[in-house]
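Keep the structure open as you read.

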Amino acid sequence: MTELPAVKAALTAQRIETPSWAYGNSGTRFKVFAQAGVPRTPYEKLDDAARVQEVTGVAPAVALHIPWDTVDDYAGLAAYAAERGLSLGAINANVFQDDDYKLGSVTHPDPAVRRKALDHLLACVDIMDATGSRDLKLWFADGTNYPGQDDITARQDRLAAALAAVNERLGDGQRMLLEYKLFEPAFYTTDVPDWGTSYAHCLKLGPKAQVVVDTGHHAPGTNIEFIVAFLLREGKLGGFDFNSRFYADDDLMVGSADPFQLFRIMHEVVRNGGLDPAAGVAFMLDQSHNIEAKIPAIIRSVMNVQEATAKALLVDAAALTAAQQAGEVLEANAVLMDAYNTDVRPLLAEVRQDMGLDPDPMAAYRATGHAARIAAERVGGEQAGWGA
């Protein structure tokens with residue numbers, strides 16, 4: 001077992017990035033339920049993110065989504081964040097909500113549409129320059145619905161050309177993180193359907209291109225922790241989009257559907273050096289809070305990641321290795337289960353107290369009165385979100 005001071009140090013140093021869109025209205029393709037006090041601007045989203053950081057101490061970065069978070073002055077937005085103890089994290093591009101992208105964006109058969117999509121990706125790099133963001137996160141809804149609709153190989157060629165152009169534009173210290181998704185909205189072929197496709201493109205592009213693992217983007221039964229271990233071994237795991245799902249890409253709160261899976265993932269992260277800042281792994285939430293209150297849901301999600309991480313840090317690595325090398329199958333499994341079955345909430349309460357925080361972040365947030373205050377103040381205007 002890792003010595004307790006080292007466990008506490010790792011938990012204190014952990015950083016979990018929250019997504020700006022999780023503070024806004026979101027839901028399903030059928031309905032988005034509006035809530036009182038939802039932010040109307042990126043600035044108000046940062047105000048809410050500051051409350052999450054205030055009570056957790058480990059969530060200082062906020063990812064942006066363009067054009068959902070478009071402002072006139074991105075350097076000014078970064079300064080606004082800094083004044084609240086925050087920084088701006090990954091810049092997420094959006095090439096899936098425009099009518100021109102019905103048949104794809106960077107893989108569209110029309111070169112004019114491909115040019116439009118690429119220009120948006122390059123504009124996102126300009127925003128990175130202004131905000132000081134390290135990561136450009138790319139997810140493409142591109143694909144086909146019917147056999148023969150388009151040339152599968154040609155679409156991969158178009159994708160590769162666009163990624164190469166973005167890669168060339170990236171500056172020093174900047175990265176491109178390529179996400180994948182099994183299906184939806186394309187149901188016959190998806191142009192980046194799995195980690196292997198993402199990995200193959202990133203491998204060709206070089207060190208500035210890495211893979212993002214969204215925990216909701218896999219077929220049922222997929223061993224996500226194997227993917228994590230493999231990508232860490234290859235130095236190609238750029239980050240996570242943490243969420244949970246029961247059926248497909250539900251974007252439920254991380255750790256809610258299968259907390260044991262989250263523990264297994266974090267075990268591979270810990271075992272393979274993924275918590276080391278030098279590994280460069282970004283731990284970001286990517287969730288839609290449809291029926292639950294936004295800020296408490298994000299706080300709870302941060303706590304879920306912390307609990308899974310704490311359990312992973314408590315795995316007796318020496319005992320596990322000894323059992324594995326001796327072929328003691330049940331003993332090796334028992335080592336993992338002992339750590340998973342440990343109640344780490346008292347440990348995390350101590351860590352928070354050591355950081356000068358309330359040991360109960362949820363209670364601490366309720367005590368601020370922030371929810372009632374924003375419900376009273378944020379009246380009028382257009383709430384941030386999508387769909388209706």
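Helices (H or I, at least four residues) and strands (E, at least two) are DSSP runs, numbered from the N terminus. The model is predicted.

Q: Which strand gives the most to the lining of the second largest pocket?
A: The second largest pocket holds about 540 Å³ of space. Of its 26 lining residues, the closest to its centre are R15, R134, V281, A282 and F283. Helix 1 (4-13), strand 3 (87-92) and strand 10 (282-285) each supply at least two lining residues. The element that gives the most, with four residues, is strand 3.

Q: Is helix 9 roughly perpendicular or roughly parallel to helix 12?
A: Two packed helices are described by the angle between their axes and the distance between the axes. Helix 9 (residues 294-313) and helix 12 (residues 345-354) have axes 10 Å apart, at an angle of about 110°. Angles of 65 to 115 degrees count as roughly perpendicular. Therefore helix 9 lies to helix 12 as roughly perpendicular.

Q: Which residues in helix 12 meet helix 9?
A: Helix 9 passes helix 12 in a right-handed crossing. The contact residues divide into four nonpolar, one polar and three charged. Helix 9 brings M303, Q306, E307 and A310. Helix 12 brings R345, L347, L348 and R352.

Q: Which residues in helix 6 meet helix 5?
A: Helix 5 (residues 152-169) and helix 6 (residues 195-205) pack at about 45°, with axes 10 Å apart. That angle makes helix 5 oblique to helix 6. On the helix 5 side, the contact uses Q156, L159, A160, L163, A164 and N167. On the helix 6 side, it uses T197, H201 and L205.

Q: Which residue does a cis peptide bond join to I66?
A: Most peptide bonds are trans. Here the bond is cis, and omega is about 20°.

Q: What is the phi of E184?
A: E184 is in the loop between strand 6 and strand 7. Its peptide bond to P185 is cis, with omega near 10°. Most residues other than glycine have a negative phi. E184 is not a glycine, yet its phi is positive, at about 75°.

How values were computed: Residues numbered from 1 in each chain as written. Predicted model: local features only at pLDDT ≥ 70, side-chain atom pairs only at ≥ 80, totals over all residues. Heavy atoms only, no water. Axes fitted to C-alpha atoms, helices over the stretch in contact; angles between N-to-C directions. Parallel < 35°, antiparallel > 145°, perpendicular 65-115°, else oblique. Left-handed = near helix turned anticlockwise from the far one by under 90°. Contact = heavy atoms within 4.5 Å. Nonpolar A, V, L, I, M, F, W, Y, C, P; charged D, E, K, R; others polar. 1 Å grid on protein atoms, 1.4 Å probe; cavity = no way out; pocket = protein on both sides within 12 Å on 5 of 7 lines; lining within 4 Å. Points joined across faces, edges and corners; volume = space filled by probe spheres on them.
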